[in-house]
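Please read the points below beside the sequence and the structure.

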Amino acid sequence: MADVIIIGSGFGGSIAAKRFTEAGHHVQLLELGEDWRSPAKLQQSQDTKFILRLFRDYPVDYLQAKPKVVVTQGMGLGGGSLVYSGIHLRAPASAFTGWPGGFTRARLDHYYARVEQRLAIAPLPGAASYRRSQVFAEAASLRGLPAPVANPLAMTGCTGCGWCVPICKWGKKNTMAHTYLADALATGRLTIRTNVKAQRIARSAGKYQVYYWGTGHKVDNYHTVNSGTLYGPLVADWVVIAGGAIESPTLLKRSAAGLAGFDTSNVGNGVDGTGDFVQGGLVNRDVQAYKGAIMMNHIDRGDYVLEDIHAIPVGPTVKLEAAFADLQIHGQDRTWGLAYKQRFRDFGKRLFGIGIMGKQGSGTVGNITVTDEAGNARLSNTAYQPPPGSLEDARNMITALGGTPVRTLWERSGVAATVHPVGGCRMGDASSFAVQATNLEVRGNPGLYVIDGSVLPGSPFRNPSHTIAAVAERAMDVILGVHAPTTWPT
Ligand SMILES: Cc1cc2nc3c(=O)[nH]c(=O)nc-3n(C[C@H](O)[C@H](O)[C@H](O)COP(=O)(O)OP(=O)(O)OC[C@H]3O[C@@H](n4cnc5c(N)ncnc54)[C@H](O)[C@@H]3O)c2cc1C
Ligand code: SF4
């Protein structure tokens with residue numbers, strides 16, 4: 001019998017696995033997705049048919065459903081770190097305003113540094129020599145914006161090929177599977193089960209029981225499994241829920257009836273899209289946007305950042321459904337036909353994409369809610385707003401380069417799409433928040449924790465993984481008694 005069951009293996013789950021095993025505890029890890037550690041399998045991941053085995057989309061049928069908000073997250077051993085771009089930015093001090101539990105930027109710096117060391121975080125060598133970096137810097141200068149700063153990345157020996165999404169097939173990305181989970185495995189106290197979905201957690205006779213489904217009958221979209229043989233229970237003293245911003249609140253809701261009572265009014269609401277937006281355009285420069293790591297630089301605008309985006313040719317047309325203001329027919333955007341094709345003829349050179357991340361316009365507490373229908377997570381259909389001023393900055397940078405901003409799906413249809421959701425099980429000091437901020441324990445349920453992006457009270461105004469990881473390290477210090485809830489390392 002394991003001492004601890006951890007559900008999910010992203011940033012929160014992997015850090016919990018390392019810390020518990022290194023403290024002498026036996027851990028059973030359950031992960032919905034597949035194990036991608038084999039180098040041979042990594043090669044296959046570049047084939048687009050593997051995308052639905054590596055990503056979770058909410059709603060799953062978004063091309064047909066035409067929702068106003070779309071969330072995409074990673075899935076597999078290592079969670080989002082498998083598919084992410086490896087960008088680790090510390091949140092600015094202003095992002096922590098109103099955070100519970102005594103969290104401040106200064107207090108979290110110690111934990112940021114710890115994560116940076118383990119993931120060998122450093123800027124890509126030679127980042128400034130790429131054309132994309134140079135054009136990005138030129139546009140910033142033309143608009144009088146602060147000069148871009150190289151992004152710290154979790155990569156070692158990276159060749160800058162830009163194929164990080166879905167997985168680095170060269171093994172140069174320092175994913176959580178390659179680092180924290182490898183450390184946990186080295187203790188001999190970690191057991192991993194992949195392709196299993198935790199169905200619910202119950203408490204009986206002072207222990208926790210975890211029931212789970214196998215995903216074996218599915219070939220993709222494992223997160224939609226909600227029936228079939230139910231396995232378990234696995235029994236342990238402690239359970240860590242670490243399924244991410246969408247699945248963790250869903251699992252906690254499914255489990256509520258079998259646990260000691262806690263206030264569920266804040267479970268599943270307050271999901272924040274981290275102000276995630278992309279603005280593209282065709283500029284009068286040879287950008288070579290398809291060379292170099294995914295986002296190599298950022299411009300610090302306080303409440304938000306602008307980042308240069310790697311762009312493969314399908315990006316703007318398929319994913320963003322880009323359109324041009326002057327290419328319309330009967331008042332409708334034309335995203336097909338010869339004129340559209342000709343416009344994009346040399347976009348391999350001229351495409352310039354800018355990513356935005358920050359404090360979303362409609363407030364810091366988020367507006368996406370998550371319900372649990374028949375075992376599957378479902379999102380409310382309300383788009384979050386861009387950080388005020390951010391789209392204008394991006395469009396101005398494009399026009400400063402003699403370019404034309406494309407009309408994105410946000411502009412045309414009000415659709416917001418995020419790969420950076422946080423919240424859903426927001427930690428709090430008040431009893432109306434199920435997860436208490438000091439140690440991320442579910443109130444009334446000793447030894448049951450939520451440790452992942454779902455506990456963040458709001459957007460960290462930056463790519464969120466670094467803050468998720470730092471908060472997880474902090475929680476583990478308190479859980480393992482390294483620090484009292486009120487004492488912080490200096
Ligand atoms: C394409 C892409 C690029 C990104 N790039 C960056 C970046 O450069 N920098 C950055 O900071 N962030 C980036 N992100 C966001 C980042 O991946 C997430 O913020 C981060 O992974 C969230 O960590 P987490 O621990 O909350 O959960 P996750 O990393 O999402 O991990 C949760 C895991 O739990 C599993 N799971 C869920 N439910 C269950 C269940 N019921 N049973 C068993 N297992 C379950 C999931 O399969 C998943 O593997 C990117 C995301 C995407 C999709
Ligand atoms: S840029 Fe290429 S080598 Fe570097 S991490 Fe991404 S996929 Fe790997």
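1. Helices (H or I, at least four residues) and strands (E, at least two) are taken as DSSP runs and numbered from the N terminus. This is a predicted model, in which local features need pLDDT of at least 70 and side-chain atom pairs count only at pLDDT 80 or more, while totals for chains, interfaces and linings use all residues. Residues are numbered from 1 along each chain as its sequence is written, and chains are lettered from A and ligands numbered from 1 in the order in which they are written.

2. Around ligand 1 there are 41 residues, of which Gly8, Gly10, Gly79, Gly80 and Gly243 come nearest; a residue is near a molecule if its C-beta atom, placed from the backbone, lies within 6 Å of it. The elements that give two or more residues to this shell include helix 1 (11-22), strand 2 (27-31), strand 9 (196-204) and helix 14 (465-479), but helix 8 gives the most, with 4 residues. By class, the shell around ligand 1 holds 16 nonpolar, 21 polar and 4 charged residues, where Ala, Val, Leu, Ile, Met, Phe, Trp, Tyr, Cys and Pro count as nonpolar, Asp, Glu, Lys and Arg as charged, and the others, Gly among them, as polar.

3. Helix 8 is mostly covered, with 11 of its 12 residues buried, among them Glu247 and Lys253. A residue is called buried if 20 or more other C-beta atoms lie within 10 Å of its own, exposed if 12 or fewer, and partly exposed in between, with C-beta atoms placed from the backbone.

4. Helix 1 is likewise mostly covered, since 11 of its 12 residues are buried, including Lys18 and Arg19. What covers the buried residues of helix 1 includes strand 1 (4-7), strand 2, helix 7 (180-186) and helix 14. After helix 1 comes Gly24, whose phi is positive, near 100°.

5. The shell around ligand 2 consists of 13 residues, and the closest are Cys158, Cys161, Cys164, Cys168 and Lys172. This shell divides into 8 nonpolar, 3 polar and 2 charged residues.

6. Strand 9 and strand 10 (residues 207-214) run antiparallel and are joined by 8 bridges, with Lys197 standing opposite Trp213; strands are said to pair if DSSP finds at least two bridges between them. The hairpin of these strands has 2 residues between them, and in this hairpin Ala205 takes a positive phi near 50°. Strand 10 is also joined to strand 11 (residues 230-236), antiparallel and through 5 bridges, and here Val210 stands opposite Leu234.

7. Which residues touch the most other members of the largest nonpolar core? They are Ile5 and Val240, in a core of 141 residues, and helix 14 gives the most to this core, with 8 residues. A nonpolar core is a set of buried Ala, Val, Leu, Ile, Met, Phe, Trp, Tyr and Cys residues joined through C-beta atoms within 7 Å. Leaving aside neighbours within four places in sequence, Ile5 is in contact (C-beta atoms, placed from the backbone, within 7 Å) with residues that include Leu30, Val210 and Leu234.

8. Arg131 lies in helix 6 (residues 131-143) and counts as partly exposed because it has 15 C-beta neighbours inside 10 Å. Leaving aside its neighbours within four places in sequence, Arg131 is in contact with Asp286, Val287, Gln288 and Lys291. The C-alpha atoms of Arg131 and Ile468 are separated by 32 Å, and these residues are 337 residues apart along the chain.

Note on methods:
Two residues are in contact if their C-beta atoms, placed from the backbone, lie within 7 Å.
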